[in-house]
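Please open the structure in the viewer and keep the selection tool at hand.

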Amino acid sequence: MKVELYNSIMAMQASRRNFMKGAAALAAGTALSSSFAGRAFAQDSVRAQILQIPGVGKGSPTDADWQKVGELTLAATKANVAEGEFAGVELTFMGLNNQNLHNFLFRGFLKPWEAYTGAKINWIDLAQADYNPRLQQSIATGTVDFDIVEMGAPFEGDTASKGLLDEMPDWVATQIEADDLVGYLKPPVGTWDGKTYRINIDGDCHTFAYRKDYFGDGSISGMADVPTHWEDFPALATALAGKNDPVTGTPAYGFLDPLKYQWGGFGFYFLEDRAAAYAKHPDDPAWLFDPDTMKPRVNNPAWVQAIQDVLDLVKANAYPPDQLNADPNATAFSQFLGGTGAALTWWGDVGSNARTSDTSVVGDVVGFSINPGAKKVYNSKTSAWEEKENFAPNMAYIGWGVYVTSRVSGDEKKRKAAWSAAAHLGGKDISLWTAAYPSGFQPYRNSHFQYEEWEAAGYDRAFVEDYLGSNLDSYNHPNAAIEPRIPGIFQYYSIAEDELVKGINGQYAGAQETADAIAAAWEKITDQIGRDNQIKLYKASLGL
């Protein structure tokens with residue numbers, strides 16, 4: 001993204017925010033900006049202070065807010081770095097500009113860090129759909145041109161296994177208080193061959209968000225409760241046909257699948273949400289491949305059922321018009337938060353944006369739970385369906401992290417600067433702000449689940465318990481569907497998206513043929529990477 005475009009978006013954000021808050025609030029905010037660093041609020045903790053920036057219900061945060069948060073959380077940096085210590089150091093940071101979050105926030109958070117340390121950061125901004133191709137090109141051609149990278153744990157097999165990452169120094173783990181992480185993000189996540197490479201900044205899982213005003217006595221659906229099994233969603237779509245949304249007055253729809261699945265591999269997670277309930281058997285950690293052979297399971301009856309569910313809804317005209325061109329960003333930010341649709345699965349952004357984004361109209365009526373389950377589950381070991389209820393929350397992507405590349409390993413000053421910047425972004429206090437406000441990230445530390453802190457920011461207790469509870473229940477679920485950290489995982493996902501879209505557009509005879517095409521493509525990828533090594537790494541990722 002060009003700098004002038006970034007600056008333009010920042011200006012538009014500030015303009016919209018000022019309009020929302022009014023002139024009096026703007027004057028107060030200006031006074032706050034000029035004196036913020038020199039005085040504390042009535043609250044005596046940094047955490048309480050940053051949660052009031054800008055405050056829930058006071059408009060979307062802007063670049064000025066991100067910089068305030070970045071400045072208030074610099075204490076840990078100052079304990080390890082002298083002022084001006086990194087003067088003359090330039091670092092290149094590669095990350096996302098998805099929904100004007102991620103890198104946009106990092107810029108604001110790191111401006112005070114740059115001013116204090118003397119370092120300068122140059123930015124490589126990527127759209128979500130472009131992320132995997134850009135990273136894979138750098139790896140394949142040996143042209144890694146970044147010192148710090150925002151990356152998910154699934155890519156550790158592509159990078160750490162090839163010696164492209166720098167090992168985390170001990171002082172960093174102490175600064176970020178790594179012991180505070182929720183259980184499923186602790187090692188082996190973030191490690192390779194016993195070495196730690198990752199600073200967690202996110203705790204990804206998909207959860208279920210739904211409109212509470214669509215259900216109950218006198219509701220437009222006529223259903224007492226929101227469906228909790230995938231088999232019941234066709235009935236919801238039928239019940240809503242011809243009805244209007246109670247908030248917006250526009251046509252009402254049921255579950256929102258992103259039928260334009262092609263999203264650089266990330267769109268495949270949304271089919272996984274359905275498939276996991278059918279395919280992730282409680283007695284079997286594997287659900288994507290057979291662990292002994294790497295034979296894909298993506299065309300077994302469980303996955304075929306998930307694809308068939310979507311095809312049936314397409315055939316029934318159950319989706320909004322032009323849903324074939326709706327990617328996951330559209331379903332969450334344009335549709336659901338904008339008042340279209342009764343439910344969807346997504347990352348935690350829906351929870352934080354519902355109450356803190358200018359564009360959300362559903363904050364007062366949205367509820368959360370773990371992903372829907374299924375009334376039957378496929379047992380791959382016996383090749384038979386079992387007629388019993390099954391839930392398997394999708395730990396989609398295992399969270400974003402910040403990594404330092406081996407480009408800096410031979411320059412100790414630059415190396416310390418890179419890790420210091422990364423540690424600032426992954427600090428304990430700053431992470432609470434990113435969990436509570438629109439950031440692209442969701443709760444991932446044990447300390448994020450102190451409900452009183454969220455209430456002090458302006459969230460009501462019932463909403464917080466509902467939203468945070470859906471995350472905790474997913475992280476701690478005994479049958480959580482966890483993806484493997486193996487080389488090429490996003491190659492598998494990306495080709496699956498391509499074939500899935502072909503199936504939805506009628507280029508294949510049906511769900512089975514679509515699934516068979518995905519499986520055939522996955523077999524080719526496994527053979528290209530090396531089947532024996534993939535089997536070894538896949539088993540290790542499953543704890544086998």
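A search of the whole structure, which is a predicted model, finds 29 salt bridges.

**First stop: Arg211 and its partners**

Select Arg211 together with Asp213 and Asp245. The side chains of Arg211 and Asp213 meet in a salt bridge, with N and O 2.9 Å apart. Arg211 also forms a salt bridge with Asp245, where the closest N and O atoms are 2.8 Å apart. This second pair links distant parts of the chain: Arg211 belongs to strand β7 (residues 207-211), while Asp245 lies in the loop between α9 (233-240) and α10 (268-279), 34 residues apart. Arg211 is buried, at 0% relative accessibility. Asp245 is buried as well, with a relative accessible area of 3%, whereas Asp213, at 21%, counts as partly exposed.

**Second stop: helix α14**

Select Glu412 and Arg415 next. Their side chains meet in a salt bridge of 3.5 Å, N to O. Both residues are in helix α14 (residues 412-425), and because they are three residues apart there, about one helical turn separates them. An α-helix has 3.6 residues a turn, so residues three or four places apart point the same way. Glu412 is exposed, with a relative accessible area of 51%; Arg415, at 16%, counts as buried.

For a further group of charged residues, select Glu452, Glu455, Arg461 and Glu465, which are linked in a network of salt bridges.

Is Arg445 buried or exposed? Its relative accessible area is 1%, so Arg445 is buried. Arg445 lies in the loop between α15 (428-436) and α16 (451-457). Display the polar contacts of its side chain: a polar atom of the Arg445 side chain lies 2.5 Å from the backbone oxygen of Ile176, and the side chain reaches the backbone oxygen of Glu177 at 3.1 Å. Leaving aside residues up to four places away in sequence, the residues that Arg445 touches include Asp180, Leu181, Val182, Gly426 and Ser431.

Select Asn100 and His102. Asn100 is in the loop between β1 (90-96) and α5 (103-117), and His102 is also in the loop between β1 and α5. Asn100 has a positive phi of about 60° although it is not a glycine; phi of His102, likewise a residue other than glycine, is positive and near 50°. Asn100 counts as partly exposed, at 27% relative accessibility, but His102 is buried, with a relative accessible area of 3%.

The largest cavity has a volume of about 110 Å³. It is lined by 13 residues, of which Asn98, His102, Trp347, Asp349 and Gly440 are the closest to its centre. The lining divides into six nonpolar, five polar and two charged residues.

**Last stop: two cis peptide bonds and a covered helix**

Select Ile53 and Pro54. The peptide bond between them is cis, with omega near 0°, and Pro54 lies in the loop between α2 (46-50) and α3 (63-72). Helix α3 is mostly covered, with seven of its ten residues buried; among them are Asp63, Trp66, Lys68 and Leu72.

Finally, select Pro187 and Pro188, which are joined by a cis peptide bond with omega of about 15°. Pro188 is found in the loop between α8 (170-176) and β4 (191-192).

How values were computed: Residues are numbered from 1 along each chain as its sequence is written. This is a predicted model: local features need pLDDT of at least 70, side-chain atom pairs count only at pLDDT 80 or more; totals for chains, interfaces and linings use all residues. Side-chain values use heavy atoms; hydrogens and water are left out. On a 1 Å grid over the protein atoms alone, a cavity is a set of points where a 1.4 Å probe fits but cannot get out, and a pocket is an open set with protein on both sides within 12 Å along at least five of seven lines; lining residues have an atom within 4 Å of a point. Grid points are joined across faces, edges and corners, and a volume is the space filled by probe spheres set on the points. Ala, Val, Leu, Ile, Met, Phe, Trp, Tyr, Cys and Pro count as nonpolar, Asp, Glu, Lys and Arg as charged, and the others, Gly among them, as polar. Helices (H or I, at least four residues) and strands (E, at least two) are DSSP runs, numbered from the N terminus. Buried means under 20% relative accessible area, exposed over 50%, partly exposed in between (1.4 Å probe, protein chains only). A polar contact is a pair of N or O atoms within 3.5 Å; within protein, one must be able to donate a hydrogen and the other to accept it, and residues adjacent in sequence count only if both atoms are side-chain atoms. Contact means heavy atoms within 4.5 Å. A salt bridge is a side-chain nitrogen of Lys or Arg within 4 Å of a carboxyl oxygen of Asp or Glu.
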